[in-house]
Amino acid sequence: MLRAIYPGSFDPVTYGHMDIIERSRKIVDELIVGVLCNKAKMPLFSAEERVKMLEEVTKEFRNVRIVPFNGLLVDFAAGMKADLIIRGLRAITDFEYELQMSQTNHKLEPNVETMFLTTSIEYSYLSSTTVREIAAFGGDLTQFVPEAVAVELRKKMSTKGECKK
């Protein structure tokens, strides 16, 4: 059984993330979407909120499981008994960072491989940061995130008192 981890912050999950999830789940027997709890960052959504959104938008995928984690990715992979880490690439700048992380992870845990998937061209420009900025100014989110995520973004922005039109 091939079990893989697709890790990320997913703050929030975008159609670019969904593209990688949908394509990855067809390659592996089980895909674990690892939601990073990074105390060094100040995410818009809590880990619990990000997990809940991901569970909602992946509920039809039987071989996808959403699991929060903190610490080293290779330790999480070992704990989940995963042999593969999947990373999405949007541009060459992503590759340089991801290659360095892949090589470091392989040095720490030689039995865990990394596979890179390039994001489909229609999402190559898309990032969670861009989506948060569009949401902060009350922009149309429908072409960037699933509707369930757009609803949560609008709620979050209304309670945060962010910039509105």
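**A walk through the salt bridges and strands**

Arg90 is partly exposed, because its relative accessible area of 37% falls between the cut-offs for buried (under 20%) and exposed (over 50%), taken with a 1.4 Å probe and protein chains only. Its side chain meets that of Asp94 in a salt bridge, 3.2 Å from N to O; the term stands for a side-chain nitrogen of Lys or Arg within 4 Å of a carboxyl oxygen of Asp or Glu. Asp94 counts as buried, at 16% relative accessibility.

A word on the source: this is a predicted model, where local features need pLDDT of at least 70, side-chain atom pairs count only at pLDDT 80 or more, and totals for chains, interfaces and linings use all residues. Residues are numbered from 1 along each chain as its sequence is written, and side-chain values use heavy atoms, leaving out hydrogens and water.

The structure holds 10 salt bridges. One of them joins Glu30 to Arg3, with the closest N and O atoms 2.6 Å apart. This pair links distant parts of the chain, Glu30 in strand 2 and Arg3 in strand 1 (residues 3–8), 27 residues apart; strands are DSSP runs of E with at least two residues, helices runs of H or I with at least four, numbered from the N terminus.

Now follow strand 2 (residues 30–36): six bridges join it to strand 3 (residues 64–69), and the two run parallel. DSSP must find at least two bridges for strands to pair. Gly34 stands opposite Val67 in strand 3.
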